[in-house]
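This report covers helix packing and aromatic pairs in one structure. Please keep the view below open while reading.

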Amino acid sequence: MATVPIPARRVVSTVDSASAPERMENKPLAIRVARRLVIDGFGLWARFSRALGRRLHWYPKVEPYVCYGTDDYARLICRTTFAPGHSQSGTLMRGLRAMLAVPAGSIHVRIAIDDVPIETVQVGSSEIYDKVDRVRDRSGDYAISDSSGYLDLVAERRLEPGVHTVSYVVEGRHPVHAELFVIAPGTPVGVISDVDDTIMVTNAPSMVKAAYNLLLLNPKKRASVPGMGVFFNRIADQFPNAPFFYLSTSPWNVERTIRTFIDDQGFPEGPLLLRDLDPRPKTFVPSGVQHKLEFAEQLMNDFPDMKFILIGDDGQKDPITYATIAHRHPGRVLAIGLRQLSPREFSPLASVAGRTTVHPMPITDAPVFTGATGANLMKTMMPFLKLPH
């Protein structure tokens, strides 16, 4: 039986629609020059690596990422990269290999949800240009990845709540699949959680150790923050339909590592919302705070009737970020939980990585709970979460 294609459109992000303070041309001269050197250097590396890949007879593949949807539309994210013919998508690998993935830009990707194809409207190369490229302003049965290989689409289709399957196909490869979590309308509570140092131990007393953990450590040896798995499952028991969104400043390159960690450690499953670290001509690399605020705002808008539990740590800027969210959306934040890092988890060069040994608590009307472990947070937060809200 014939199926009606699902219409889709690109997501407008801070990369596509940068505010004046974020735009490169409004930065001081020294910052503009330094960022331009990084952008040009990345572009040179990308061109060289793609040329080398072609000589080695590599060709594009799709790395699919777990997605989420409302009752009206679904957000689909994937990336196209160059890889050998025998390479499989979703392969777990050490961070260094993942970070060196070669982007494959402007690749045609055919997408379907539960075997129903998606029909897209392509409007220019918005991550680079402000003016629409009319040559690409047309409908088609495929989407075109951007210059860094990313595709971020909204598929406008009413789907039943639950888990659906998204398939991606590029020429010369077998289809690859990812889960799509469609959240039931009227779901009262959702959870937004940080990953690094909130559920997964990533910090270390020295920058050398931290770099080792990110780039060289066996992904299967990632350690969970004590008690956080039990705490998250207690929340899931208290709110059986609550979706869990894992929001992290880690790059999409390590999505499989974090996904495997969540599955292996028994955390509630849910979408990962990570960061694109490829430098862009308009906005360079979005800051961690900017990235988290953008996705949190998007979730607030996607689920206007949902209240959120925000969980993070005080080692980065989660307190400030979560306070900003609570201020912008009064009454929408049910509670804030912050894991307190110990002094040993801060390195002498913490400020270079955006960390601080000062633990500022958010000033907000939403109740804030702190603790060094999941057990500590569970002891203080769960009695509050069990109250009628």
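Buried means under 20% relative accessible area, exposed over 50% and partly exposed in between (1.4 Å probe, protein chains only). Helices (H or I, at least four residues) and strands (E, at least two) are DSSP runs, numbered from the N terminus. The model is predicted: local features need pLDDT of at least 70, side-chain atom pairs count only at pLDDT 80 or more, and totals for chains, interfaces and linings use all residues. Residues are numbered from 1 along each chain as its sequence is written, and side-chain values use heavy atoms, with hydrogens and water left out.

In helix H7 (residues 318–328), the buried residues are Asp318, Pro319, Thr321, Tyr322, Ala323, Ile325 and Ala326. They pack against strand S13 (189–193), helix H6 (288–302), strand S16 (307–313) and strand S17 (333–339), where contact means heavy atoms within 4.5 Å.

Helix H6 also holds His291, which counts as buried because its relative accessibility is 3%. Leaving aside neighbours within four places in sequence, His291 contacts Leu247, Ser248, Thr249, Leu273, Leu274 and Arg275.

The structure holds eleven aromatic pairs. Rings of Phe, Tyr and Trp (its six-membered ring) pair if their centres lie within 6.5 Å; planes under 30 degrees apart count as stacked, over 60 as edge-to-face and the rest as tilted. Two tilted pairs are tabulated.

| Pair | Centre to centre | Angle between planes |
|---|---|---|
| Tyr68 and Phe303 | 6.1 Å | 45° |
| Phe369 and Phe384 | 5.5 Å | 45° |

Phe369 is buried at 14% relative accessible area, whereas Phe384 is partly exposed at 21%.
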